[in-house]
Amino acid sequence: SSMDEVLDARASSFASRAHSLLRVQGYARLRIPQSELSSRLFADAEAFFEDTLATRGSHIPPMERRQHDSRCGYVCERGREYLELHPRAARIDSLAVSGAVLQDSATAFANACQELGERVLSEIAASSTKLRALLDAEKVVVEGARATGQVPDTSKEGTGTAPAASSSFSASMIRIHRYTEFADYPPHEDLGLLTIAPRASIPGLLVQHTATREWIAIEELMADDEALLFAGSTLSELCALAALPHKVSCCGPADGSLGAGCGGRPPSL
């Protein structure tokens, strides 16, 4: 069945098949070519979350937490903690060693996801004039910013400033979670275009199948080197793809489950 299908991101048919699966079931399972990126990300995340000085020194101030397109740093809530970064927009230079190491691995993972996401978006844009116009505008903005030296070299774990124009994907972000106690979070849909989420260290993600409306414990079906691709609400507004309802259910105070998601949206939408 399509639920059991795992896409090879290196295949020439990857983008078209991912588009088909997004239409039919709301998500696509895939293997990121650099399979070591997610394991490295989670190992570095564990070290960061265990480093009290690092987490304390990178807290996002409460008055900045509503700045969803630009906030970067650490947040601790009941039942979970997370580090949120915007690698295409800015780099945090004040992180402790464990935070800087995590920032590097998160940037490498985000760059890989960005490339895959752009391939899928280009495929979807072939049947969506609104999305095509957005991607064309983004291309103009990025090319102009590169000409003036504003865009970092995303082929490396580097630093730099991405364009801040309203048509830019500078809001693309990665968030690394650690769940610290039992929780059953309510269903929600992500803001944005696409999200790519590697399988968590302990399965806890549930998704609602677009056609059947059945809730599926999808990570229990996934291998350690898999990731999940799904649409957000901004993409749903631009084309005939439904945003994927999903939720997290964690099963115990000692789990310490690690998860991550990489996605983004144009700030103007």
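**Charged pairs and cysteines**

1. Arg132 is partly exposed, its relative accessible area being 31%, and in this predicted model its side chain forms a salt bridge with that of Asp136, at 3.3 Å from N to O.

2. The structure holds 15 salt bridges, and one of them joins the side chains of Arg29 and Glu226 at 2.8 Å, N to O. Since Arg29 belongs to strand β2 (residues 27-31) and Glu226 to strand β10 (residues 226-231), this pair ties together parts that are 197 residues apart in sequence. Arg29 is buried, with a relative accessible area of 4%, and Glu226 is buried as well, at 3%. The two residues also take part in a network of salt bridges that links Arg29, Arg31, Asp225 and Glu226.

3. A further salt bridge is found between the side chains of Arg175 and Glu84, at 2.7 Å, N to O. Arg175 lies in strand β5 (residues 173-179) and Glu84 in strand β4 (residues 80-85), so this contact ties together parts that are 91 residues apart in sequence; both residues are buried.

4. As to the cysteines, the structure holds zero disulfides. For Cys113, the closest cysteine sulfur is that of Cys262, and the 4.4 Å between the two sulfurs is too far for a bond. Cys113 is buried, with a relative accessible area of 4%, whereas Cys76 counts as partly exposed at 45%.

Note on methods
Residues numbered from 1 in each chain as written. Predicted model: local features only at pLDDT ≥ 70, side-chain atom pairs only at ≥ 80, totals over all residues. Heavy atoms only, no water. Disulfide = S-S within 2.5 Å. Buried < 20%, exposed > 50% of the residue type's maximum accessible area, 1.4 Å probe, protein only. Salt bridge = Lys/Arg side-chain N within 4 Å of Asp/Glu carboxyl O. Helix = DSSP H or I, 4+ residues; strand = E, 2+ residues; numbered from the N terminus.
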